[in-house]
Amino acid sequence: MKMDKIEKRVIISSLLLMSLFVFSLLYAKNKYKTDVPECLPYDKAYTEPKVNQLDEKTYQVFSVASMWQFQPSEIYIPVGSEVDFYLTSKDVVHGFNIAQKNINMMAVYGAINKTSVKFDKPGVYDIVCHEYCGVGHQNMRAQVIVNYPRSK
Amino acid sequence: MQVTKTFKRIIFLELAIPVALLTIGIYHGLMQTIYRAGVLKETSFAKLDYYQGLTLHGVINALVLTTFFAVAFGHVTLTFYFKKEPNRKLMWLSFILMLSGVLMASWAMLAGKASVLYTFYPPLKAHPLFYLGATLLIAGSWIPLFDWAVMYTRWKKENPETKTPLAVLGTLINFTIWFVCTLAVAYETLVLLIPWSMGWTAAVNVNLARTLFWFFGHALVYFWLLPAYIMFYTILPKVAGGKLYSDLAGRIALFLFLIFSIPVGVHHQYSDPTIQQGVKFFHGLLTYGVSIPSFITAFTIAASLEYAGRKRGGKGWFGWMNKLPFFDENRFLFAYFIGGLILFIFGGVTGIVNASYSLNNVVHNTAWLPGHFHMTVAGPVFLSIVGMSLYLYSKMSGKRIFMPKLTTIIPYLWVIGMLIFSFGMSWGGLRGEPRRTNLGVTYLNPDSELFRSDWVPTTTMAMLGGIIMFIAGMLFIVIFFGTMLRKRSADPILTIPVSEAYHDEKRVPLFDRFKPWIIAMIIIILISYVPALMNVNENSGPKAPGFNIDNPTPIEQPAAK
Amino acid sequence: MSIPIHNEDNPLSSTEEVFQEAEENKDRFFPSGAIAFFISLVILTLLFWYGIYFLMIERT
């Protein structure tokens with residue numbers, strides 16, 4: 001097939017460019033654990049809002065989104081902790097976005113979403129709902145408050 | 001060529017009705033930027049509420065305008081190249097179904113019974129006429145494909161060794177993609193949503209509905225884009241005064257779109273539950289595949305324009321760009337095309353970011369997303385639709401363009417507005433600004449405890465861009481209707497500029513035949529979507545009852561499990 | 001003129017190929033500008049992509 005030599009090189013360069021990106025994504029996944037949310041089969045246990053402390057540095061948050069709040073709405077986490085966020089919705093589709101930590105999940109009825117993060121800097125982290133969920137959508141925000149643990 | 005009065009009437013209706021609706025569609029675009037910047041801190045304005053306006057904006061601009069134009073432009077293309085009009089009855093049937101759908105859905109939206117946005121994710125529930133209207137709009141757009149397929153088959157029998165004209169190939173490929181992908185959304189509306197919306201079924205599997213929607217939703221953007229690509233390959237080089245660098249490159253690109261447009265939908269669901277990471281990653285890889293035909297197009301169009309520029313004396317690596325007919329009133333289509341292409345540079349690049357799996361965590365559902373897609377659907381797609389609509393109307397009615405100098409300036413005004421808007425949105429998105437949100441009430445309201453001062457500059461930029469685009473859009477509508485109101489001053493003809501190819505390669509049967517590509521398309525779709533649907537089935541829990549936009553209490557009790 | 005022999009891989013016979021080459025030479029065009037544009041596009045893509053990539057890593 002007689003195809004222009006330069007067009008052939010255009011196709012090859014684009015493929016190489018995309019391969020470079022694939023490599024970088026896999027590298028980041030390996031080194032920094034960057035990934036999309038984890039898939040879990042549905043379990044009713046995650047539909048009750050909860051904060052569980054598994055050990056000194058490990059927490060679980062069962063977050064339940066509904067119109068128009070996240071429960072729990074204020075989550076206190078000591079600096080340096082790893083948190084597993086589990087997410088579901090009691091009603092319509094909601095978003096769950098902690099921008100400063102790459103946490104970006106959809107809360108869907110009848111499904112459980114999960115992502116893990118380490119909070120190594122203190123501060124107040126907004127959880128913003130970024131999927132339209134009715135008239136109260138712009139009011140829907142929670143916070144993760146990361147601070148130094150009180151000395152006992 | 002001469003065309004019948006009936007043909008003209010149908011085409012004019014299909015071109016003019018969406019342009020008229022753009023008054024509402026673009027108005028709501030402007031309004032959103034005003035609410036989001038906190039200039040309006042209300043939930044509604046002039047009796048229309050924010051999310052109602054957002055729904056109207058998305059449906060009119062991204063579903064009605066694009067679908068009507070694709071059908072009209074397809075009719076015009078096939079007719080021009082085959083020198084034969086499509087079946088009149090089928091043209092009318094198609095138009096009537098689409099129009100009925102639009103009327104139904106518009107009633108529902110304007111009555112406030114369908115403020116569910118153009119993606120209509122359940123279990124937020126709209127009035128049944130909204131879903132039915134959307135279904136009719138889509139079903140009406142299927143009809144032309146079958147008529148054109150018959151026209152094409154006949155032509156092929158009479159011309160077995162001739163290359164299918166590139167524009168015809170593009171149209172048929174585009175509508176094949178459309179037909180296949182809309183099967184999923186038709187199933188979603190007819191089987192899942194309408195019975196539920198009517199109260200016949202108690203609950204809906206939201207995960208399945210979303211997955212079906214996005215099977216449709218990504219291919220949708222190629223349905224929008226391919227008519228513009230057809231214009232870039234077959235019309236732009238001529239209008240620019242050059243030649244298409246390679247005809248074969250266009251064919252390869254089109255067939256790559258045929259196989260890669262659909263099996264990538266899960267990249268819109270990277271943040272969703274129920275679908276496994278492996279499936280999501282695979283869709284990401286396929287999405288990189290669908291970027292290849294766009295890279296081919298970028299080079300081929302650049303080479304075609306360079307040819308035109310050098311022919312007029314352009315020198316150097318970039319100097320040829322200056323010699324192109326940016327402001328030539330007699331070639332105003334050039335302005336609309338080049339404006340779209342400038343925006344598409346950024347639209348395409350940001351799209352690659354969105355496709356990139358874990359990178360999506362940084363941008364998903366933030367303002368970055370509308371920043372991206374306004375540089376695609378409201379960039380090359382919008383500008384080529386309106387530019388070509390004006391051109392076709394003017395030629396087929398024999399009326400001169402109203403205010404031709406202004407006509408050539410409008411796309412550049414639009415581009416400036418869009419760059420400012422998208423820069424504000426993209427930057428805001430990286431700062432965590434959410435999309436689909438009436439920020440004025442809370443996040444951009446200094447009296448609210450949710451106030452975010454760091455979103456003030458970005459939303460203000462977006463508003464400035466929005467105002468400029470609104471002005472450009474309204475000027476265009478004035479020009480379109482100004483042209484309609486003129487008296488006929490020339491013979492009405494159907495004419496489309498046809499580009500000559502620099503490399504006019506001999507017919508390559510593989511890139512002039514549908515069967516192997518359709519088979520490949522189906523196989524790839526099965527490989528990419530069967531696992532996804534299995535995941536949805538395995539990992540989904542209970543189905544959801546319906547919810548109105550203003551009440552957390554479900555509309556009816558969920559069915560007993 | 002020799003009789004052209006056609007097959008899928010080499011649709012043009014050598015005679016036709018030479019004839020076409022001569023035709024194209026009259027309208028010789030090397031798309032150096034398009035190549036420059038394409039390279040710029042690739043660089044722009046790299047800038048945007050790695051910009052977001054390093055932002056993502058910074059936020060982990």
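Author: In chain B, B:Y222, B:L226, B:Y229 and B:Y233 of α6(B) touch B:A249, B:G250, B:A253, B:L254 and B:F257 of α8(B), where contact means heavy atoms within 4.5 Å. Helices here are DSSP runs (H or I, at least four residues), strands are runs of E with at least two, and both are numbered from the N terminus. Before going on, keep in mind that this is a predicted model, so to speak of local features takes pLDDT of at least 70 and side-chain atom pairs count only at pLDDT 80 or more, while totals for chains, interfaces and linings use all residues. Residues are numbered from 1 along each chain as its sequence is written, chains are lettered from A and ligands numbered from 1 in the order written, and side-chain values use heavy atoms, with hydrogens and water left out.

Two packed helices are described by the angle between their axes and the distance between the axes. For α6 (residues 206-234) and α8 (residues 247-260) of chain B, the axes come within 11 Å and cross at roughly 175°. Axes are lines fitted to C-alpha atoms, for helices over the stretch in contact, with angles from 0 to 180 degrees between N-to-C directions. Angles over 145 degrees count as roughly antiparallel, and α6(B) and α8(B) are therefore roughly antiparallel to each other.

Now for what lies between the chains. The contact takes 57 residues from chain A and 75 residues from chain B. Together the two chains bury about 5,400 Å², 66% of it on carbon and sulfur atoms; buried area is the accessible area (1.4 Å probe) that two parts lose on being put together, summed over both. On the chain A side, A:Y109, A:Y132 and A:Q138 lose the most area to chain B.

The rule finds two salt bridges across this interface, each a side-chain nitrogen of Lys or Arg within 4 Å of a carboxyl oxygen of Asp or Glu. A:D126 forms one with B:R452, the closest N and O atoms being 3.2 Å apart.

Note on methods
Parallel < 35°, antiparallel > 145°, perpendicular 65-115°, else oblique.
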